[in-house]
Amino acid sequence: MSDIDFKTALRRGARDAIGIPAIILIGSMTGYGALAHDSGFGVGLAVLSTVLIWGLPGQIAMAELYSAGADLLAIAIAVAMANMRFFPMAVSLLPTFGAHSDTRLGRVMQAQLMSATSWAYIMRSTAPRAAHARVGYHIGFAAVCLICAAASTALGHYGASGLPQPLALALLFLNACFLLILLVDVREHPALVSIASGVVVGIPANIALPDTGLIVTGVVGGTIGFLVGEWRGRAQMDEERP
Amino acid sequence: MTDGATDPALTVVIVAILASFVWRALGAVLAHRINPEGRVFRWFTCVSYAVLAGLLTRLLILPMGDLASVDLTIRVAAAGVGVAVFFLTRRNLLVGVVAGTGGFALAVALTT
């Protein structure tokens, strides 16, 4: 698994994306395209926002706040909070690319390509292990996702008027449902504890602190998961010791 | 929206792009100093999962905009259906997502 070359990894990443991730993206980005249309964005801006924001919760926050007439600062804060996950995600993804992300430009580009889906897929144990293969896999995966997302944003924008309301709402819900199932499918113990703590901490934190609740959730929930993982790791090492 | 020299929609999109990019760039800068075998790396991985879980509670339980118009019971029940079907079909991701989303659409259609 770790011996595959860059090109093979690129193709494998693309192949893994063509399938469930592409189907989910096509559905949810069609929903976003329709929402962007109804919020007053032209098709060009809708596609631009998909490709360059590249994080659906932030995009939805932007479109909904804009149509509600919120001011620019409020929109910036809401989008930044909805997409702040990219910070810890980049820190936990890029070091695994080894020397292939040695230049700052290279790292920023990989971070820009990253989405919750590409991150979750590359964190799975079936993804390539070697640094160069991971880079290829990530580029192949993200390229397919970006193309599907851009095309379906445009499609949703043009077809917005023909989309029945329950379906339009369901397409916005689709992404959350996908993320939920990706998270319940995680097998690693520290990650699972972090997810469970994130849910438990997340509800009160997001109610009490609408702006910074996610940061609090990440730090508290993640630290609990981390400490449990370290503790278990040490216990395991003690057991294996003769 | 009319296209002009000061299209407010364009300004909003640019601001939103920057508001997302800042986090990615910050992560890219910090990532260089992190050892992938070390504790800091493991902590950031855990934080990522917790943030994703927190984001999920926000999307499902405390959404804003259009989704907030749908009853909380429907949102949570549909998510539960998705997870249940996922495990009942031996972890079939697509069937789970389609069941959850389909159940959501159906419930919205029946209650409005």
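Modeller: Start with the elements: helices (H or I, at least four residues) and strands (E, at least two) are DSSP runs, numbered from the N terminus. In chain A there are 12 helices and 0 strands. This is a predicted model, where local features need pLDDT of at least 70, side-chain atom pairs count only at pLDDT 80 or more, and totals for chains, interfaces and linings use all residues. Residues count from 1 along each chain as written, chains are lettered from A and ligands numbered from 1 in the order written, and side-chain values use heavy atoms, without hydrogens and water.

Biologist: How many residues of chain A are in contact with chain B?

Modeller: Contact means heavy atoms within 4.5 Å. Here 90 residues of chain A touch 71 residues of chain B.

Biologist: And what area is buried between chain A and chain B?

Modeller: Buried area is the accessible area (1.4 Å probe) that two parts lose on being put together, summed over both. For this pair that's about 7400 Å², with 80% from carbon and sulfur atoms. On chain A's side, A:F87, A:F173 and A:I181 lose the most area to chain B, together 9% of what that side buries.

Biologist: Which helix of chain A gives the most to the side that touches chain B?

Modeller: Helix 10 (residues 165–184), with 15 residues.
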